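Please look over the sequence and the model shown below before reading on. The report that follows takes up a few places in the structure, one after another.

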Amino acid sequence: MKYCKKCVQPDTRPGIKFDEDGVCPPCRFAEQSCNPINWDERKKILDEIVEFGKKNNVSGYDCIIGVSGGKDSTRQALYLRDEIGLKPLLISCSYPPEQQTERGANNLANLISLGFDCISVSPDPVTWKKMMRQGFLKFGNWCKSTETALYASAPKFAIAYHIPLIFLGENPAIALGDLDVGSTTWEANRMKYCHTLKGGPEALLEDGITEKNLFWYRYPLDEELEWAKLRIVYLGYFIKDFTRFKNAEIAMNHGLIIRDDPPEDIGDTYGFEALDDDFVVINQMFKYLKFGFGKVTDQESEAVRLGKITREEAMERVKKYDGKCATRYIKRFCEYIEITEEEFWRVAESFRNKDIWEKDALGTWRLKYEF
Ligand SMILES: [Zn+2]
């Protein structure tokens, strides 16, 4: 496990490849942003995309934005409507009531109240829970199924309503270094092949779940996307300050409510991400067991690139807070997917990657390769 020479990102992230100087892709992309990126040229590309959306508007909507009401979707919706002049339709795929936080519901309501049309789809919570459970037990990843539903809903509505454009936020290759996405530009038509969505829901077809239950989990086929002439676009590619910090600032100025839990409870130093669900804290802890990093690594790596903190300060915070998860979230998660806490910890330990973890003299697990 090696760390990027410039930020705090390890090379254990799926799909990442450091260059010969030991620097991660996002750091290289960020360096370029002060020099060779031609923002005027990018603006011209965006203008052409916007023109395409307006010209092919047959429904009344130029584009779709998949939203949760969080910082990124709030910024995207405001930017596309107010700065670019598009008419967007918002699509939200809602969590079941046991998973959805009140804060998340309020944030989505807040976004809609800023003057947007929004369609919410609520996939059957019985199937939802079963698939979450399967994802957790088999892959140590409860969101394997829910992420496919979150991403598949926007193109489904785009095809059904003949809406030509979908905007997503940041390209994961540029922001995080997941090169499996297959694009380092604005083009997102192949995003269904990224690490998160690869494989589809097939792996979870047990426990009485059949094809009939999977409509909302199926990303449209390539042929369907082509037939619909759908263009899926990473908006972040065109906006110089499209960072988690700026997006949060803008969204908070427009009513976004963030977490006030301490970082050691939520493995998150800023509290402005994934606000609509608390089980995300567990997923980040699992990422930490499998790959040796969690949310704090992502946040502080970006903070270092933006010059907000030094690499040393970032290391400090990563060591202190990454992968942390308060017991109350684990208890609630176990209740929800109906397993015991003993079973939870058995699964957790089974996913601990022994290549990167070892026990110290006192029997406490430690990451083998610290900074
Ligand atoms: Zn880096």
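## The metal site

In this predicted model, Cys-24 and Cys-27 are both buried. These two residues belong to the site of the zinc ion, which is coordinated through the SG atoms of Cys-4, Cys-7, Cys-24 and Cys-27, at 2.3 Å. Along the chain, the donors of the zinc ion follow the spacing C-x2-C-x16-C-x2-C.

Why is the arrangement around the zinc ion called tetrahedral? The angles that the four donor atoms subtend run from 104 to 115 degrees, and four donors count as tetrahedral if all angles lie between 85 and 135 degrees.

## The cavity

Rolling a probe the size of a water molecule over the atoms shows where empty space is left. When the whole structure is searched in this model, one cavity of 30 Å³ or more is found, and the largest cavity holds about 80 Å³ of space.

The lining of the largest cavity is made up of Arg-259, Ile-266, Gly-267, Asp-268, Glu-273, Ala-274, Val-280, Val-281, Gln-284 and Lys-295. By type, these lining residues divide into four nonpolar, two polar and four charged. Helix H11, which covers residues 280-291, gives the most to this lining, with three residues.

## A serine in a strand

Ser-92 is found in strand E2, which covers residues 88-93. Because its relative accessible area is 3%, Ser-92 counts as buried, the cut-off being under 20%. If its neighbours within four places in sequence are left aside, Ser-92 is in contact with Val-67, Leu-108, Cys-118, Ile-119, Ser-120 and Val-121.

Definitions and conventions. Residues numbered from 1 in each chain as written. Predicted model: local features only at pLDDT ≥ 70, side-chain atom pairs only at ≥ 80, totals over all residues. Heavy atoms only, no water. Donors = N, O, S within 2.8 Å, 3.2 Å for Na, K, Ca; no water. Tetrahedral: all angles 85-135°; square planar, octahedral: opposite > 155°, others 65-115°. Buried < 20%, exposed > 50% of the residue type's maximum accessible area, 1.4 Å probe, protein only. 1 Å grid on protein atoms, 1.4 Å probe; cavity = no way out; pocket = protein on both sides within 12 Å on 5 of 7 lines; lining within 4 Å. Points joined across faces, edges and corners; volume = space filled by probe spheres on them. Helix = DSSP H or I, 4+ residues; strand = E, 2+ residues; numbered from the N terminus. Nonpolar A, V, L, I, M, F, W, Y, C, P; charged D, E, K, R; others polar. Contact = heavy atoms within 4.5 Å.
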